[in-house]
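Hi,

Here is the structure I promised to pass along. Have a look at it first, and then read on for what turned up in it.

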Amino acid sequence: MTGRDGEDGAKAFYILIEARPGKADEVREMLADILRCVQDEPATGPWYAVQHSETTFAIFEVFPDLAGRRAHVAGGGGDVFRDVERMNDILARPAHVQKVDVLLSKQVFTALPR
C-alpha cells in the first residue's frame, strides 16, 4: 500500500490488479464479490471496477473521510483481498493499493452493471 492518510476529507483507493495469464475471468468474479460486499457499506461511495487490458484491472472507490476508508478496509471487500490463497492463484503479483485524496468531483450517473 502506498500513499498517506493526510488531512481529513474525501479519500479514495486506486487499486491496480494484474491477473495471471488465463485468470481474467476469475479476477472479474473477484471484483463482483467485492462489489457485493461494498453494496451495504454506508461509507463507501462511488465504486468502480475497470479493465485496462486483457490482464490489467483496477478499482477506484471513494469515501467521505478517513473513518469511512478504514471501515471499508476492515469490511468484506478487505476480506476478499485477505484471502491469500485465492489472490495467489489469480493475481500475477499483489494488488497495488494506493491511498489518494479526492480534490474535486462531479456528481454524475454511471452505466448499470452488465
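**Salt bridges, core and surface**

Arg-82 counts as partly exposed, because its relative accessibility is 45%. Please keep in mind as you read that this is a predicted model. The side chain of Arg-82 meets that of Asp-79 in a salt bridge, at 2.7 Å from N to O. Asp-79 is partly exposed too, since its relative accessible area is 44%.

Side chains of opposite charge can pair when their charged atoms come close.

Asp-5 is partly exposed, as its relative accessible area of 26% shows. Asp-5 and Lys-99 also belong to a network of salt bridges, together with Arg-69 and Arg-70.

Arg-28 and Asp-25 both lie in α1, three residues apart, or about one turn of the helix. The closest N and O atoms of their salt bridge are 2.5 Å apart. How accessible are the two partners? Asp-25 counts as exposed because its relative accessibility is 52%, where exposed means over 50%. Arg-28, at 37%, counts as partly exposed.

Now for the inside. In soluble globular proteins, nonpolar side chains tend to be buried together. The largest nonpolar core in this model has 19 residues, and Ile-17, Val-27 and Met-30 have the most contacts inside it. Two or more residues each come from β1 (11-18), α1 (24-38), β3 (56-63) and α4 (84-90). Of these, α1 gives the largest share, six residues.

Tyr-48, Val-50 and Phe-60 form a patch on the surface, and together they have about 220 Å² of accessible area. Phe-60 belongs to strand β3, and this residue counts as partly exposed because its relative accessibility is 31%.

Happy browsing, and do write back with any questions!

Best wishes

Methods
Residues numbered from 1 in each chain as written. Predicted model: local features only at pLDDT ≥ 70, side-chain atom pairs only at ≥ 80, totals over all residues. Heavy atoms only, no water. Core = buried A, V, L, I, M, F, W, Y, C linked by side-chain atoms within 4.5 Å. Buried < 20%, exposed > 50% of the residue type's maximum accessible area, 1.4 Å probe, protein only. Helix = DSSP H or I, 4+ residues; strand = E, 2+ residues; numbered from the N terminus. Patch = residues over 30% accessible without salt bridge, like charges linked within 9 Å, V, L, I, M, F, W, Y side chains within 5 Å. Areas by Shrake-Rupley, 256 points an atom, 1.4 Å probe, with all protein chains shown as cover. Salt bridge = Lys/Arg side-chain N within 4 Å of Asp/Glu carboxyl O.
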